[in-house]
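Have the structure open while you read.

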Amino acid sequence: MGDGEPGQTRYQRVLLKLSGEALMGDRSFGVDPAVIQRIAAEIQEVAAAGVEVGLVIGGGNIFRGVSLAASGMHRATADKMGMMATVMNALSMQDALEQQGLKARVMSALQMHEVCEDYIRRRAIRHLEKGRVVIFAAGTGNPFFTTDSAASLRAIEIDADIVIKATKVDGVYSDDPVSNPAAERYSRLTYDDVLARRLNVMDATAIVLCRDHNLPLRVFNINKPGALMRVVQGEDEGTLVERGEAA
């Protein structure tokens, strides 16, 4: 497909990946209500344009399993705790989306019937077809896998057109642009470029899943107003990772 035209959307169904840290704003912990409402408003704008939105949120603003595992806790136990942190973020986002007038469903890879639905692929797709935002919580439900891997997996399962990863910078760079002002921003990369150069995009498992299923990945700055809409319109926002030769 060619680049989208203003006012039109290039993608019908997307999977948006947010880090838990993206919800913190300037805080050191938890969720900043102003930030989550702003992100919800951007998602509402995209949904109003007819785009079906799936969402995966990390849990690093509340709990990071890797950190506790490093201090001696068994990694499987620590990761389960991290999964529950993602459910908390998912419920926060569900509430924020509903305040924007959207219908949203949280579907968890861990059973938590009192607070959300179980993840069932066909039911998730039906929710999307009905215009509901689906928030996939608890990662893959398995330890040792990140929420990046969960985002790639869920995107493949629901037949999303693209994975959109929200970050604090406007794309993928050759080095940390904060500490190295001379770092180069890439407009396009291949999956193999990302793996060979060990670029900090998503973990290797997530990238390989995207590569093997020919699922494009767009990395963009969630703090840039209107950027999410420009991504779904097919504009050259951030960095595109796909098959073929890098531009």
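**Helices and salt bridges at a glance**

Glu242 is partly exposed, with a relative accessibility of 26%; here buried means under 20% relative accessible area, exposed over 50%, and partly exposed in between, using a 1.4 Å probe and protein chains only. This is a predicted model, so to speak of local features takes a pLDDT of at least 70 and side-chain atom pairs count only at pLDDT 80 or more, while totals for chains, interfaces and linings use all residues. Residues are numbered from 1 along each chain as its sequence is written, and side-chain values use heavy atoms, with hydrogens and water left out.

**Around Glu242**

- Glu242 makes a salt bridge with Arg188, with 2.8 Å between the closest N and O atoms; the term means a side-chain nitrogen of Lys or Arg within 4 Å of a carboxyl oxygen of Asp or Glu.
- Glu242 sits in strand β11 (residues 239-242) and Arg188 in strand β9 (residues 188-190), so this pair ties together parts that are 54 residues apart in sequence.
- Helices (H or I, at least four residues) and strands (E, at least two) are DSSP runs, numbered from the N terminus.
- Arg188 is partly exposed too, at 27% relative accessible area.
- Glu242 also lies 7.4 Å from Arg211, C-alpha to C-alpha, though the two are 31 residues apart in sequence.

**Helix α7**

- Arg211 belongs to helix α7 and is partly exposed, with a relative accessible area of 27%.
- Leaving out residues up to four places away in sequence, Arg211 touches Tyr191, Asp192, Leu195 and Arg243; contact means heavy atoms within 4.5 Å.
- What is buried in α7 (residues 204-212)? Ala206, Ile207 and Cys210 are.
- Looking down the axis of α7, these buried residues fall within an arc of 95°, so they line one face of the helix; the arc is taken over the directions from the helix axis to the C-beta atoms.
- An α-helix has 3.6 residues a turn, so residues three or four places apart point the same way.
- The buried residues of α7 pack against α5 (147-157), β6 (162-167), α6 (191-196) and β10 (217-221).
- Asp203 caps the N-terminal end of α7, with a side-chain oxygen 3.0 Å from the backbone nitrogen of Thr205.
- After α7 comes Asn214, which has a positive phi, near 50°.

**Helix α4**

- Buried residues in α4 are Ala124, Ile125, His127 and Leu128.
- Seen down the α4 axis, its buried residues fall within an arc of 155°, so they line one face of the helix.
- The cover over these α4 residues includes β1, β2 (52-57), β3 (104-108), β4 (117-118), β5 (133-137) and α5.

**Other salt bridges**

- How many salt bridges turn up in a search of the whole structure? The search finds 15.
- One of them joins the side chains of Lys17 and Asp148, at 3.2 Å from N to O.
- That pair links distant parts of the chain, with Lys17 in strand β1 (residues 13-18) and Asp148 in helix α5, 131 residues apart.
- Are Lys17 and Asp148 buried or exposed? Both are buried.
- Lys17, Asp148 and Lys165 are linked in a network of salt bridges.
- Arg121 pairs with Asp159 in a salt bridge, with the closest N and O atoms 3.6 Å apart.
- Arg121 lies in helix α4 (residues 121-129) and Asp159 in the loop between α5 and β6, so the pair ties together parts that are 38 residues apart in sequence.
- Arg121 counts as partly exposed, at 32% relative accessibility.

Key. A polar contact is a pair of N or O atoms within 3.5 Å; within protein, one must be able to donate a hydrogen and the other to accept it, and residues adjacent in sequence count only if both atoms are side-chain atoms.
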